[in-house]
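Here is my note on the charged side chains. Please keep the structure open as you read.

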Amino acid sequence: MWITRKVEFSASHTCYNQGLSEAENAALYGADANPHGHGHNYSLEVTLEGAPDPVTGMVVDLKVVKQILEREVVDPMDHRHLNHEVPPFDAVVPTTENLAVEIWRRLEPHFAAGPGRLHAIRLYETDDLFVEYEGR
């Protein structure tokens, strides 16, 4: 059985690879390479997998899940410029793909032993663009 918890946060970022020239970055990322950045209202869905506990009837305590999401994702990323304020994005281009991988890296240790293992995360950058990541 899967259960999904959703949180939202707002952040800005610049898609700019320091190993490329200005022209190469502009060609690759277009307007997203603007050094001043641009922002998004991200929506994150975290899906956990497991069997409901026979006593509680829950796969996982969703209050605990919310606390972990707030501490590991929302608090450090909300209203931040990812490139300047959130490691590892001082050295890694904060594309939606890379952001999803980093969020997984932050969350997975909290759910590795259960109850409720991390199954997938879905990160929406806009209403019509999202990345789904299953840790592989």
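1. Glu-134 is partly exposed, and its relative accessible area is 31%. Bear in mind that the model is predicted. The side chain of Glu-134 forms a salt bridge with that of Arg-136. The N to O distance is 2.6 Å. Arg-136 counts as exposed, at 77% relative accessibility.

2. Now look at Glu-102, Arg-105 and Arg-106. Salt bridges with shared partners link Glu-102, Arg-105 and Arg-106 into one network.

3. Next, find Arg-71 and Glu-72. Their side chains meet in a salt bridge, with 3.5 Å from N to O. Is Glu-72 buried or exposed? Glu-72 has 18% relative accessibility. The cut-off for buried is under 20%, so Glu-72 counts as buried. Arg-71 has a relative accessible area of 45%. That value makes Arg-71 partly exposed.

4. Then turn to Lys-63 and Asp-61. A salt bridge joins the two side chains, at 3.3 Å from N to O. Lys-63 has a relative accessible area of 60%. Exposed means over 50%, so Lys-63 is exposed. Asp-61 is partly exposed, with 28%.

5. How many salt bridges does the structure hold? The count is seven. Among them are Lys-63 with Asp-61, Arg-71 with Glu-72, and Glu-134 with Arg-136.

Note on methods. Residues numbered from 1 in each chain as written. Predicted model: local features only at pLDDT ≥ 70, side-chain atom pairs only at ≥ 80, totals over all residues. Heavy atoms only, no water. Salt bridge = Lys/Arg side-chain N within 4 Å of Asp/Glu carboxyl O. Buried < 20%, exposed > 50% of the residue type's maximum accessible area, 1.4 Å probe, protein only.
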